Amino acid sequence: AVRAQKSLGLVSGTPDYIPVAGFESPEVPARTYNYSADGRLYAYALPTSVKIFQAEGAQLLQELQLPNIVEVNFSPRGTYISTWERPVKLEDGSQHKNLRVFSVSTGEELISFTQKSQEGWDLQYTISESHAIRLVSGEIQVYRPAEWSKGIIDKLKVEGASSVSLSPGLNPSVAVFVAEKKGAPASIKIYGLLSLNSNPTCQKTFFKADRGQIKWNTLGTQVLLLTQTEVDNSNKSYYGETGMYLLSAAGNFDCRVTLDKEGPIHDFAWSPNSKEFGVVYGYMPAKTMLFDQRVRTLYDFGASPHNFISFNPQGRLLALAGFGNLAGKIDIFDRRNFSKVCTIDAPNTSFCEWSPDGRSLLTATLSPRLRVDNGIKIWHCSGPLMHIQSTEELYQVSWRPTAVEAVPQFGQNVPPAPAPSESVKSFAAVQKPTPSKPAGAYRPPGARGLATPSIFKREDEGGAPRMPTHGAATPPRAYNRSPGSIPGAPGYGQATNGNGAPHYQQHQQGGRRNKTNGAGAGPPVPAAPPVVEAETPTTPGVGLDSALDPVAKKIRNLNKKLKAIDELKEKAKRGERLEATQLKKIEGEADIRKELENLGGSFP
């Protein structure tokens with residue numbers, strides 16, 4: 001599905017990539033769209049209404065006359081659809097019920113709420129739709145969707161709760177995050193949904209956590225929490241400090257995820273098998289590590305410029321990429337043997353998603369993140385580009401969800417790529433040929449043909465690891481200044497070894513530095529001939545102030561004032577308008593001349 005400023009469309013996948021028959025793009029711009037989790041339903045919001053379609057064949061099921069809808073979302077089985085609009089003040093003073101839930105089959109409004117924040121606006125449902133929860137002012141409220149009219153059936157007050165996450169799986173749990181406040185530590189607590197008012201099954205407290213991001217594994221048995229502070233008190237990072245914790249819903253395991261490289265956590269993701277997770281962390285080039293469910297290291301991918309990690313739906317392939325201010329390289333690895341399958345070059349990517357069959361990657365450049373070169377590229381997991389679709393002001397794109405069981409499984413080897421679409425051939429025909437050898441960074445003639453010093457190499461290229469300066473603006477110097485390093489000073493051309501002894505001489509030929517002491521220094525090199533420096537003429541007026549006595553200085557300053565007064569008189573003669581301060585200065589001419597006469601001076 002594709003949503004742009006001037007169009008909305010459904011496009012079939014491999015191998016045709018043609019518009020879905022029967023779907024008509026609306027005449028006015030759509031504000032958002034969404035699929036149901038099973039891919040059965042599709043809905044989009046227009047300025048005046050919301051339309052719900054059968055995704056297969058694009059058959060219209062319902063049209064809800066709702067103006068100004070900004071967000072839409074389906075329940076897990078597609079029984080209900082929620083809509084959110086921006087809250088407004090009503091004339092009668094009552095609260096605006098801007099979050100509403102409708103029946104997909106009948107279009108009837110079932111319940112409505114007041115929801116100010118757009119972040120985390122929708123209710124969270126269990127996978128069977130037996131229960132739904134929402135967080136309101138630190139209170140978790142539980143509803144039974146089959147009986148919306150009964151209202152809240154259970155609730156739990158958690159003081160200071162800032163976010164809540166309902167686990168997937170058949171035995172749902174609720175994870176609640178409480179941010180650090182006024183010296184009190186932050187915490188995460190896990191409750192059983194059906195025993196909400198009992199003691200938490202697992203909990204952990206910690207500091208340095210102003211915000212939290214919660215991710216459950218697919219089975220809903222374990223949860224990862226990424227914590228972040230607004231400010232890094234050690235001044236090592238502009239974006240604050242990050243930390244990670246792993247907790248088990250059953251309460252039999254919890255720990256901090258210890259990472260062996262300093263720097264922020266860029267991204268993390270669970271494998272679909274729920275038994276392992278990957279973390280991208282550390283200063284660039286970042287390090288990527290794969291852990292098991294007991295935080296034991298499974299594999300170290302090393303240091304590379306990555307800030308994105310994603311498993312394909314089957315858990316067979318793993319994509320590591322560097323987006324945003326990085327170059328857009330995507331490295332795909334085979335999880336079975338950790339071998340690199342390919343590297344994809346996708347610069348300016350702002351959205352990346354695996355296809356439901358795990359064989360293709362969709363990358364897109366979206367507005368408003370980037371307003372030029374907007375469009376979609378679809379890559380096969382083995383590397384080739386399969387399809388290109390350029391679209392002006394592209395805002396949203398996604399695959400239609402499909403159950404993993406409904407797609408063919410991976411074989412022993414990565415499947416071969418099918419033939420690319422015609423769009424790729426057309427793109428290749430107009431694409432400018434890229435030079436076979438990259439230009440690289442500029443190197444002066446004297447350094448060409450030589451190996452790059454390790455100090456200028458990235459860590460993943462064999463250079464030294466990044467050492468934070470701990471807030472210092474300038475790193476410490478690795479050498480000592482000596483009198484010989486100042487041009488024109490005695491001994492220029494000789495540096496000292498710390499004891500005042502010279503250890504090299506500066507020569508005119510090629511700027512080489514030759515050692516003059518130490519074992520194995522080689523044959524002595526004749527000293528350079530002395531340099532005769534020309535005398536620098538003295539600039540008139542410079543350095544004369546120190547030679548004048550106080551009376552002479554006073555006379556000089558009074559002469560300057562008289563000269564300025566004469567210039568003002570000339571301006572007045574030409575008819576220019578003078579300011580009050582300038583006129584006052586002219587009036588004081590007689591006093592200045594009298595003072596000058598008393599000092600024995602005269603105005604030239």
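This is a predicted model: local features need pLDDT of at least 70, side-chain atom pairs count only at pLDDT 80 or more; totals for chains, interfaces and linings use all residues.
Four strands make up an open sheet. Their order is β11-β12-β13-β14, and the pairing is antiparallel. Strands β11 (124–125) and β14 (154–157) stand at the edges. Each has a single partner strand, so one side of each is left without a neighbour in the sheet. Strands of a sheet pair through backbone hydrogen bonds, in either a parallel or an antiparallel manner. Strand β13 covers residues 139–143 and is joined to β14 by four bridges. These two strands run antiparallel. Within this pairing, Val142 has Asp154 of β14 as its bridge partner.

The cysteines were examined next. A disulfide is a covalent bond between the sulfur atoms of two cysteines. The structure holds zero disulfides. Cys381, accordingly, is in no disulfide. The nearest cysteine sulfur belongs to Cys342 and is 7.3 Å away. The cut-off for a disulfide is 2.5 Å between the sulfur atoms, so a pair must lie within that distance to count. Cys381 has a relative accessibility of 1% and counts as buried. Cys255 is also buried, with a relative accessible area of 17%.

Gln62 lies in strand β6, which spans residues 59–64. The relative accessible area of Gln62 is 17%. Buried means under 20%, so Gln62 falls in the buried class. A polar atom of the Gln62 side chain lies 2.9 Å from the backbone oxygen of Ser105. Ser105 is also among the residues that Gln62 touches, not counting those up to four places away in sequence.

Methods
Residues are numbered from 1 along each chain as its sequence is written. Side-chain values use heavy atoms; hydrogens and water are left out. Two strands pair if DSSP finds at least two bridges between them. Buried means under 20% relative accessible area, exposed over 50%, partly exposed in between (1.4 Å probe, protein chains only). A polar contact is a pair of N or O atoms within 3.5 Å; within protein, one must be able to donate a hydrogen and the other to accept it, and residues adjacent in sequence count only if both atoms are side-chain atoms. Contact means heavy atoms within 4.5 Å.
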